[in-house]
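Good morning, and thank you for coming.

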Amino acid sequence: MGGSGSKSRGFWPFSGSGSVDDSTKDDNEQSLARVRSFPGATPFVFTRRGSMFFDEDGDLAHEFYEETIVTKNGRKKAKLKRIYKNLTPQGIIKLEHPCIHVDFPVVLFEA
């Protein structure tokens, strides 16, 4: 439950291999220098993928709708139709404040 399987595979540079004894596990958890495969890795996240899109006019939004007029039995009714085509993803966004990565193995608290 909570499901990040990268910890057991050792995919993230600051995650353990999953098969460490209890005596060495305590020593490793005390130090933040657990980086093994990537020496320049940090537990902080500075960017994220944007969740919004640009349309052909350059407007930025999560969803775009187009108003269409439907005539049924002589009555005109306006409906909104969602647009899926010609949308460009926002891209990578720099975070204002760095966040700690989800797979970071150390518990942080304020004393």
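Predicted model: local features only at pLDDT ≥ 70, side-chain atom pairs only at ≥ 80, totals over all residues.

Residues are numbered from 1 along each chain as its sequence is written, and side-chain values use heavy atoms, with hydrogens and water left out.

Let me begin with the fold. The chain has 2 helices and 7 strands; these are DSSP runs numbered from the N terminus, with helices (H or I) of at least four residues and strands (E) of at least two. Along the sequence, the pattern reads α-α-β-β-β-β-β-β-β. Three of the strands form an open sheet in the order β3-β2-β6, and their pairing is antiparallel. The edge strands are β3 and β6 (88–89), each of which pairs on one side only. Two strands are said to pair if DSSP finds at least two bridges between them. Strand β2 (residues 53–54) is joined to β6 by 2 bridges, and F53 has P89 as its bridge partner in β6.

How much of the chain is buried? Buried residues account for 14% of the 111 residues. Here buried means under 20% relative accessible area, exposed means over 50%, and partly exposed lies in between (1.4 Å probe, protein chains only).

Next, the surface. F44, F46, I100 and L108 form a nonpolar patch with about 380 Å² of accessible area together. A patch is made of residues with over 30% relative accessible area and no salt bridge, where nonpolar side chains (Val, Leu, Ile, Met, Phe, Trp, Tyr) are joined within 5 Å and like charges within 9 Å. The areas come from the Shrake-Rupley method with a 1.4 Å probe, and for residues only the protein chains shown count as cover. F44 is partly exposed at 40%, and F46 is partly exposed at 44%.

A search of the whole structure finds 1 aromatic pair. The ring centres of F44 and F46 are 6.5 Å apart and their planes stand at 50°, so this pair is tilted. Rings of Phe, Tyr and Trp (its six-membered ring) pair if their centres lie within 6.5 Å; planes under 30 degrees apart count as stacked, over 60 as edge-to-face, and the rest as tilted.

I turn now to charge. Side chains of opposite charge can pair when their charged atoms come close. Which side chains meet in a salt bridge? They are those of E63 and R82, at 3.7 Å from N to O. The term requires a side-chain nitrogen of Lys or Arg within 4 Å of a carboxyl oxygen of Asp or Glu. E63 lies in the loop between β3 (60–61) and β4 (64–72), and R82 in strand β5 (residues 75–83), so the pair ties together parts that are 19 residues apart in sequence. E63 is partly exposed at 39%, as is R82 at 34%.

Finally, the histidine. H101 is found in the segment after β7, and its relative accessibility of 18% is why H101 counts as buried. A polar atom of the H101 side chain lies 3.0 Å from the backbone nitrogen of D103. T42, in the loop between α2 (22–30) and β1 (44–49), is 59 residues from H101 in sequence and 8.8 Å from H101 in space, C-alpha to C-alpha.

Technical notes. Polar contact = N/O pair within 3.5 Å; in protein donor to acceptor, adjacent residues only side chain to side chain.
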